[in-house]
Amino acid sequence: MNRFLENISSLFNENEKGIGFGNNTKEKKTRKILLFQVLNHDSHVNDKYIDGLIYKDIEFDKLKKPSKKVNLNGIFFPDKMINLDQLEKHGFDFAILHDLNISSDYLLSESIASGFLIENNLDDVEYDAINNIPFSFIVIDLIKKPKFETLSGIFDLSKIISNIDNNVILKLDYIPPKKTLELLYQFGVIAIIIDSELLNEDKLKLLNEDLINIKGDLKKKQIVYPSIGNSMDSISYDDEE
């Protein structure tokens with residue numbers, strides 16, 4: 001399992017809740033939803049409050065080792081000229097794919113998790129295809145930006161999530177309130193992505209507290225983790241037998 005999927009697994013690891021023995025056990029404060037920041041050239045990065053960075057608009061001849069020291073480093077829509085070996089060599093952990101003309105080698109990597117971007121509600125055939133391809137996660141970034149404080153926004157999201165048998169990450173164009181984060185968590189959203197221009201240290205600190213203090217249970221379907229040789233391990237996070 002690569003580092004990206006290890007971080008997702010930690011969300012469901014009951015042993016991560018506390019450290020110590022007996023009455024000396026202390027609760028380990030961790031975010032219940034992972035937080036990724038899209039990096040701009042002049043972005044301020046506070047690695048204390050995020051789980052990773054996502055680099056965007058990197059041309060093949062400008063690719064280099066990530067400059068910021070954070071837990072996870074990913075890339076949005078890698079240039080078709082950037083091959084998998086280059087990303088692995090430079091220490092990237094995940095890639096968000098959208099161009100269907102990009103190499104399918106990304107699906108076979110042991111070190112880089114590959115995800116697929118969804119921008120609209122799809123038809124059943126397309127959902128079946130996505131579920132049959134060994135992506136490690138799905139990113140939902142709807143062209144028509146919903147507000148998830150409304151039933152309309154939740155309906156738009158539910159239409160997609162109900163058809164996806166994979167880890168769901170949500171790209172947001174605003175910082176939602178805690179109650180909305182709790183609702184997204186109960187829908188099975190395991191991570192959110194937010195642009196740097198929406199974040200500063202004060203907002204990050206407040207968002208971090210909200211992500212730590214989320215109430216409720218994470219409802220997950222059976223997740224299929226891809227591995228080399230087209231063998232896939234099924235891990236269920238349902239409490240039901």
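What follows is a short chat about aromatic rings, charges over rings and a helix pair in a predicted model.

Colleague: What kind of model is this, and how are residues numbered?
Modeller: This is a predicted model: local features need pLDDT of at least 70, side-chain atom pairs count only at pLDDT 80 or more, and totals for chains, interfaces and linings use all residues. Residues are numbered from 1 along each chain as its sequence is written, and side-chain values use heavy atoms, leaving out hydrogens and water.

Colleague: How many aromatic pairs does the structure hold?
Modeller: Eight. Rings of Phe, Tyr and Trp (its six-membered ring) pair if their centres lie within 6.5 Å; planes under 30 degrees apart count as stacked, over 60 as edge-to-face and the rest as tilted.

Colleague: Take Phe4 and Phe137. Why is that pair called tilted?
Modeller: The planes of Phe4 and Phe137 are at 35°, so the pair is tilted. Their ring centres are 4.7 Å apart.

Colleague: Where do the two sit in the chain?
Modeller: Phe4 is in helix H1 (residues 3-10) and Phe137 is in strand S8. They are 133 residues apart, so the pair links distant parts of the chain. Helices (H or I, at least four residues) and strands (E, at least two) are DSSP runs, numbered from the N terminus.

Colleague: Are Phe4 and Phe137 buried or exposed?
Modeller: Both are buried. Buried means under 20% relative accessible area, exposed over 50%, partly exposed in between (1.4 Å probe, protein chains only).

Colleague: Which cluster do they belong to?
Modeller: Ring pairs link Phe4, Phe36, Phe94 and Phe137 into a cluster.

Colleague: What about Phe76 and Phe77?
Modeller: They form a tilted pair too, 5.0 Å centre to centre with 55° between the planes. Phe76 is buried, at 3% relative accessible area. Phe77 is partly exposed, at 36%.

Colleague: Which charge sits over the ring of Phe76?
Modeller: The charged end of Lys56, 5.5 Å from the ring centre. The test is NZ of Lys or CZ of Arg within 6 Å of the ring centre and within 35 degrees of the ring normal. Lys147 also lies over the face of Tyr174, at 3.8 Å from the ring centre.

Colleague: New topic. At what angle do H4 and H5 pack?
Modeller: About 20°, with the axes of H4 (residues 151-161) and H5 (residues 178-187) 11 Å apart. Axes are lines fitted to C-alpha atoms, for helices over the stretch in contact, and angles run from 0 to 180 degrees between N-to-C directions.

Colleague: Which residues meet there?
Modeller: Ile154, Leu157, Ser158 and Ile161 in H4 meet Leu183, Leu184 and Phe187 in H5. Contact means heavy atoms within 4.5 Å.
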